[in-house]
Each structure stands twice: as structure tokens, then as C-alpha cells.
Amino acid sequence: MPMPQLLAGALELALNKVLALDPRSQLRLAALDGKRMRIKLQELPWPLTFAFSSRIDVLMDEEQQVDCEMALSLSLSHINEMQDPANISALIQDKKLSLNGDMHTAQSFSALMKELDIDWEEHLSRYTGDVFAHESVRLLKNLHQRAKGHFQQLGQIIKDGALQEKQLAAHPLAVEDFSQAVNQLRADTARFEARLNQLEQKAKR
Amino acid sequence: MNQQSDSNQTHFGYKTVDKDNKASMVAGVFHSVAAKYDLMNDLLSMGIHRIWKRFTIDCSGVRAGHRVLDLAGGTGDLAAKFSRLVGEKGQVVLADINDSMLKVGRDKLRDKGIVGNVDYVQANAECLPFPDNHFDLITIAFGLRNVTDKDKALASMFRVLKPGGRLLVLEFSKPEIEALSKAYDLYSFHVLPKVGQLVVGDAESYKYLAESIRMHPDQDTLKGMMEEVGFEQVTYHNLTGGIVALHRGFKF
């Protein structure tokens with residue numbers, strides 16, 4: 001059985017199901033109508049081509065011409081970094097990400113998924129009734145907030161412990177200071193090297 | 001050329017019938033199963049037919065503005081996807097010799113909101129009612145084995161295909177492994193007709209399906225037939241161990 005097609009089918013089904021849960025996603029999808037985007041993930045041996053119309057079709061072929069082509073090569077581990085647009089230039093410079101084609105298509109696709117606003121309570125109420133849906137969603141939101149708070153607190157404790165009590169890691173200000181000192185040393189060394197070269201040239205004459 | 005072209009007789013499953021009668025006999029089969037065609041496809045192939053069709057689309061190279069002929073298009077699985085891929089400027093023609101299948105396909109696509117760039121044509125694959133060099137892509141999925149004169153149908157497809165265009169034939173074929181072939185035979189001749197009887201109330205149509213698959217040319221024979229009518233760079237790809245094969249040929 002062709003595995004790439006199985007994967008594409010599952011991905012396509014999931015994407016369109018999720019989009020269908022947000023009625024306003026159609027407006028954002030309209031901005032991508034007729035466009036195609038290809039993503040190459042290092043973790044996958046096949047490229048994924050997304051064809052946008054009133055829904056998303058996921059194709060698995062490399063010969064397909066992509067009108068507004070955008071080719072991405074990135075590692076899954078960099079996806080988190082990509083969520084902040086400010087990081088994109090740095091990722092490109094570090095050769096962790098390569099972009100070819102229409103950047104606008106990528107941004108529209110990112111907006112399509114990032115701005116998903118799913119009213120889970122409304123969808124759940126169709127199956128369970130309003131009261132149960134409301135209470136369940138409220139409970140889940142509370143749990144999420146609490147878990148988030150606990151994780152932040154835990155993170156802070158670990159950070160403080162590592163920085164101050166055990167001194168396993170350096171404080172960000174100390175790292176910044178050290179980086180500046182290294183930069184200064186690099187500049188001084190470069191100047192010294194240039195001066196030395198000049199003196200060598202003079203001595204040879 | 002296919003031997004059957006030289007006589008007035010052809011196969012209908014394991015039976016030998018007059019060529020003039022085959023189309024109406026095949027029509028009888030599909031009139032009988034049209035209403036539950038999709039359900040039966042899912043049931044009998046365990047959903048794998050969707051993966052085979054997806055592979056066909058991935059091999060199509062279709063893009064916006066293309067004109068596509070989905071021949072023997074049945075209930076429009078391929079046409080639905082092509083409609084989105086060719087966009088407003090493109091055109092998809094869903095053609096089938098059987099009006100029951102065409103009606104089911106048309107209703108299904110309209111219910112899904114697929115309108116505007118899809119046309120429905122009742123047509124015989126042997127004498128396609130389209131101008132020469134008209135389509136960028138022709139697909140025929142699980143339809144060629146039901147055609148009376150396959151050589152004539154392939155020649156007709158070659159005629160209406162644009163230079164540079166491609167034909168994709170997705171069809172049941174010959175399993176590559178002997179053990180798989182035996183298991184497949186057991187399934188085809190014992191399970192298929194029983195499920196057909198249970199769900200559609202028609203075991204005969206599914207017996208015909210199993211027999212017609214066995215009488216269909218194997219991978220290399222079909223490749224040769226495509227080359228014979230003028231297709232170039234003909235290749236095939238076996239799917240699910242050769243139970244199904246996708247043949248691809250180009251017109252230059």
C-alpha cells in the first residue's frame with residue numbers, strides 16, 4: 001500500500017476537519033484560493049504539497065508545478081522557533097530554513113492555522129447538551145490555567161536553583177557580559193592582526 | 001493487437017458473448033450496483049481504493065487551467081479532486097457510458113458543492129465525442145476492463161489527448177506474488193459475490209467483477225496495447241502487490 005498517500009490522506013482529513021470547526025476559516029482560506037505550497041520536512045522522505053481551494057488538498061508528488069511556489073526545508077524541531085516571524089531571518093541565515101517563492105503564501109497559510117478560533121463548547125454541546133458542555137469546557141480551561149501556572153512556577157524554581165543555589169548555569173546578564181567581552185576580544189585581536197600585518201609589510205621593505 | 005478485436009465475439013467475465021451485446025450487459029451490471037457503488041467500493045476494498053485513487057492523482061501532474069477527462073468516472077471520486085485542482089479556469093469532464101452511474105456521480109458532486117467547472121457526458125470510450133487534441137489529462141479508473149474493444153478505446157483516448165498530455169489507467173491487474181494471487185482468488189470468488197448479495201442483493205454482478213478482472217490484460221500486455229496505439233514512455237506501477245496497477249503513457 002502506498003504509505004505516502006495514506007499519510008497525505010490522513011493529514012488532509014485532519015486539516016479539513018479542523019478548519020470546518022472554525023466558520024471564519026473559509027475567509028482566510030479564500031486568500032489562498034488557487035495557490036499551492038510545498039513543504040519538505042527533514043524528518044519525512046516525501047515532500048508535502050498543499051493545494052488550496054474551498055478546502056486543502058494534500059498531494060505527494062514532486063513534479064507538480066506549483067503556481068505560487070514556496071519550498072521549505074526545515075527540521076520539526078525548528079517549528080516552534082518559526083512561530084515568531086522575527087526568528088525567520090535568523091533561521092534562514094543559519095541555513096535551518098530555506099524559502100523559495102511567494103512568502104505571502106506561507107504567511108497566509110500560517111495565519112490560516114494560527115488564527116483558528118474553535119468554539120469547542122458549541123461543538124460539544126451538540127452531542128452532550130449545553131450544561132455539560134459548558135461545565136466541561138470551564139473545567140478544562142481551569143485545569144489548563146492551573147497547569148500553565150504550575151509549569152511556570154516550576155520553571156522559575158528550576159531556573160533559580162540552577163542559577164543561584166547550585167550555580168550550574170550562568171545568569172543571562174553574566175552571559176551577555178561574557179558575550180560582549182568575547183566580541184571586544186575578537187575586535188582587539190582583529191585590530192592587532194591588522195597592525196601586525198602592517199608592521200610585517202614595513203619590515204620586508 | 002488484442003485478439004478479440006479480430007472477431008465478433010468478446011468476453012463478458014468468463015462468458016463469450018457477441019460484441020454488440022457486451023455494452024448492454026455491462027450496463028445491466030452497473031445499473032444494478034450504481035446506488036450502492038461507493039459503499040461497496042469501501043466495503044470490498046476496505047477503503048484502499050481511496051489510496052489507489054490518491055496515488056493516481058499524485059501521478060497526474062494536473063494543474064490550474066488544465067482540461068481533464070475522467071472516463072468511466074463512475075461516482076466522481078477523481079473528478080471531485082480534479083475539479084478543485086484545475087480551478088475555475090480549468091475543466092473536468094466526467095464521462096461514463098452508464099447513465100445510472102453518471103446520475104449518481106452528478107448528484108454526489110453537486111451535493112458536495114462541486115459545480116461550475118465539471119461537465120457530465122454520457123459517452124462510449126471507443127468513440128469519444130470530443131475534438132482531437134482536446135484534453136491535458138485522461139484518467140480511466142476501474143473502467144477499461146468493461147470496455148468491449150479496448151484497443152479502439154485506447155486509440156480514441158490517444159486522439160482526444162493533447163500532445164504532451166498523459167493517460168492514466170488505474171485497473172485491477174495481476175498480483176506479483178503467487179500466494180497473494182491465491183488469497184485474492186479466494187476472496188474474489190467466494191467473498192465478493194456473497195457481500196454483493198448481502199448488501200446490494202445481486203451476487204451475479206460481483207461474480208462478473210471477479211471474472212472480468214481475471215480476463216483483463218496483465219500489466220505488460222496493457223503496456224504493449226498502449227504503446228501499440230501510439231502512447232510513449234509507457235510505464236506502470238503495481239499497487240498492493242499488483243492487485244491494481246497504474247499505467248501511465250504520454251502523447252508527444
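Trainee: Which residue in β9(B) does Thr235(B) stand opposite?

Mentor: In this predicted model, Thr235(B) stands opposite Arg248(B) of β9(B).

Trainee: And how do β8(B) and β9(B) pair, in the parallel or the antiparallel sense?

Mentor: They pair in the antiparallel sense over six bridges, and β9(B) covers residues 244-250.

Trainee: What sheet do they belong to, and in what order do the strands come?

Mentor: They are part of an open sheet of seven strands with mixed pairing, in the order β5-β4-β3-β6-β7-β9-β8 of chain B. The edge strands are β5 and β8 of chain B, each of which pairs on one side only, and neighbouring strands of the sheet are turned against each other by 15° on average, with direction ignored.

Trainee: Which strands does α4(B) lie across?

Mentor: α4(B) lies across β3, β4, β5 and β6 of chain B, and runs at about 165° to β4(B). Helix α5 of chain B, residues 99-111, lies across β4 and β5 of chain B and runs at about 170° to β5(B).

Trainee: Switching topic, what does UniProt list as "binding site" in chain B?

Mentor: The UniProt entry, which is unreviewed, lists Thr75(B), Asp96(B), Asn124(B) and Ala125(B) under that heading.

Trainee: Take Thr75(B): is it buried or exposed?

Mentor: Thr75(B) counts as buried because 23 other C-beta atoms lie within 10 Å, the cut-off being 20 or more. Thr75(B) sits in the loop between β3 and α4 of chain B, and, not counting residues up to four places away in sequence, its contacts include Tyr37(B), Asp38(B) and Lys108(B).

Trainee: Then where does Ala125(B) lie?

Mentor: Ala125(B) is in the loop between β5 and β6 of chain B, and Ala125(B) is buried too, with 25 other C-beta atoms within 10 Å. Leaving aside neighbours within four places in sequence, Ala125(B) is in contact with several residues, among them Leu71(B), Ile97(B) and Ser156(B).

Trainee: What about helices, at what angle do α2(B) and α7(B) pack?

Mentor: Helix α2(B), residues 37-45, and helix α7(B), residues 178-199, pack at about 145° with their axes 11 Å apart, and their crossing is right-handed. The contact is made by Leu39(B), Met40(B), Leu43(B) and Leu44(B) of α2(B) together with Leu192(B), Val195(B) and Val199(B) of α7(B); by class, that gives seven nonpolar, no polar and no charged residues.

Trainee: Last one, how many residues does each chain give to the contact of chain B with chain A?

Mentor: The contact takes 17 residues from chain B and 17 residues from chain A. On the side of chain B, α3(B) gives the most, with seven residues, and the residues of that side divide into eight nonpolar, three polar and six charged.

Technical notes
Residues are numbered from 1 along each chain as its sequence is written. Chains are lettered from A and ligands numbered from 1 in the order in which they are written. This is a predicted model: local features need pLDDT of at least 70, side-chain atom pairs count only at pLDDT 80 or more; totals for chains, interfaces and linings use all residues. Axes are lines fitted to C-alpha atoms, for helices over the stretch in contact, and angles run from 0 to 180 degrees between N-to-C directions. Helices (H or I, at least four residues) and strands (E, at least two) are DSSP runs, numbered from the N terminus. A crossing is left-handed if the near helix is turned anticlockwise from the far one by less than a right angle, and right-handed if clockwise. Two residues are in contact if their C-beta atoms, placed from the backbone, lie within 7 Å. Ala, Val, Leu, Ile, Met, Phe, Trp, Tyr, Cys and Pro count as nonpolar, Asp, Glu, Lys and Arg as charged, and the others, Gly among them, as polar. UniProt positions are given in the numbering used here, feature names are shortened, and annotations may be inferred rather than shown by experiment. A residue is buried if 20 or more other C-beta atoms lie within 10 Å of its own, exposed if 12 or fewer, and partly exposed in between; C-beta atoms are placed from the backbone. Two strands pair if DSSP finds at least two bridges between them.
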